[in-house]
Amino acid sequence: MPKTYGKIDASPTKDFFVSMLTRDITLEDAILDLLDNCVDGILRNDLTVNGDTPYKNRYSHITISADHFSITDNCGGIPWAQKNYAFRMGRPPEVEKSGLPTVGVYGIGMKRAIFKMGRECSIQTRNGSDAYDVEIDQEWLANEGTWELTAEPSKVRPKEEGTTIVIGRLLKPVREEFGKRLEEFRKRLETAIDTHYSAIIEKGLEVTINKVPVRGHPVQLAFAQASKSSVRPYLFTTEFDDVKVFLAVGFTRPIPDEDEQRDDTENPKYRSDRAGWTVICNDRVVLYCDKSERTGWGISGVPRYHPQFIAISGVVEFVSNDASKLPTVTTKRGLDMGSILYLHVRERMIEGMKMFTDYTYSWKKELDSAKAQIKAAPLRNLAQLKAYSKEHLGEFSKSKRTIGGAILQPSLPKPKREAGVTRRISFSRPIDEIAFVAKFLFGEEVEKDPSEVGEKCFDNTFKRAKQK
């Protein structure tokens, strides 16, 4: 008689699930996931206000110590109707998309952050008339028979609608970070929040670490009042596949001379970490001051980044009520370079960037004049640039590319040349020879434009000739 076989238990163990969930995320990113939940709470509970600071009067206070971590916010709390989405591992099939500009797609942020840090957690939340507590402890983790959690009425009703998460039984590496290396970790976390939350902090959200406020550094671009022959940013706006896109690139400060480029650390206004492209998805910065090929540097005719371009910065904002259409990865801290939308937008980024690298080259001989032009142009932040675009859309030209849109190309000032005084010198040489001479002249591994190499050769020869 053939043997009868039954069912096999193929469900994952909690220990496996927890270890795999937290393996590829840093401690800082785990905490940023909790901040993401705060912002999502503001949006889901319709707590934003009109104006440039929609998150005004909302806060998220982080406390770090050697034996526990906590985060408290007044961002609306977790509605009882959304309990399964908030506490279940992953997004339940019955939970519909929020239709709000969030970045959460998979429903793992809070749980991943909790288990990245410790093995015990208490969550207290209040939303409207709902006020309840949820506990996660070692006993629950050890019990493979159930994945259910128990919610109890809050013993002390919170004064504000919001959520407090306290994580205990910290893992050994986390205890060491929060204990022996607390100040070092606090600085890293502050930098991460400053980097990824600069747009949200600018919009009014207060974030503190151990009672010390975190200050954001949003992108601001020089925007002269006069529309003709003046320093203004390149602007692009479009809407494609339910994603709104806004792009701006220009000067954040005057172009540095060679001495200022070398004195980077002594001149904070010329720090390289404030240059390059910042990419924002639904208010979260997913790429900050990037100067690589990902944002167009060193490709399609744009030179590789060099300190002479330290004054050039750009910002791209993607907004969608469907977070899955945003060009970001699952950690929400990086770009999806396979996104067709982003690759099309990068073409506009390259087009705009070329205008300002060319300007930098053309004014090399009259740097003081270029500095004065940029310095005279007031700075405008992202909200102001978007407002200008909306009010003056008639000044924009239509783009005929795949994703359509509208472009404002500035008429940047050009150096005046006296007629008959200058002549163009042009000749060709093998690429490897140009690279060899460039390394000799500049002593750098950074790729140089052939025109720069030729100009340097002429200047050096002319200087020697004058000395004889």
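In what order do the seven strands of the open sheet with mixed pairing run? The order is E13-E12-E14-E11-E10-E17-E16, where strands are DSSP runs of E with at least two residues, helices are runs of H or I with at least four, both numbered from the N terminus, and two strands pair if DSSP finds at least two bridges between them. This is a predicted model, in which local features need pLDDT of at least 70 and side-chain atom pairs count only at pLDDT 80 or more, while totals for chains, interfaces and linings use all residues. Residues are numbered from 1 along each chain as its sequence is written, and side-chain values use heavy atoms, with hydrogens and water left out.

- Strand E12 (residues 276–281) pairs with E13 in the antiparallel sense over four bridges, and valine 279 stands opposite leucine 287 in E13.
- Helix H12 (residues 382–391) packs on this sheet, touching E10, E11, E12, E14 and E17, where contact means heavy atoms within 4.5 Å.
- The direction of H12 makes about 110° with that of E11; axes are lines fitted to C-alpha atoms, for helices over the stretch in contact, and angles run from 0 to 180 degrees between N-to-C directions.

**The eight-stranded sheet**

- A second open sheet, also described as mixed in its pairing, has eight strands in the order E5-E4-E3-E6-E2-E1-E7-E8.
- Seven bridges join strand E3 (residues 118–127) to strand E4 (residues 130–136), and these two run antiparallel; threonine 125 has tyrosine 132 in E4 as its bridge partner.
- Helix H7 (residues 182–196) packs on the sheet against E1, E7 and E8, its direction making about 165° with that of E7.

**Packing of H1 and H4**

- Helix H1 (residues 14–22) and helix H4 (residues 109–117) pack at about 95°, with their axes 9 Å apart.
- H1 and H4 are therefore roughly perpendicular to each other, a label for angles of 65 to 115 degrees.
- The contact is made by Val18, Leu21 and Thr22 of H1 together with Lys111, Arg112, Phe115 and Lys116 of H4.

Definitions and conventions:
Parallel < 35°, antiparallel > 145°, perpendicular 65-115°, else oblique.
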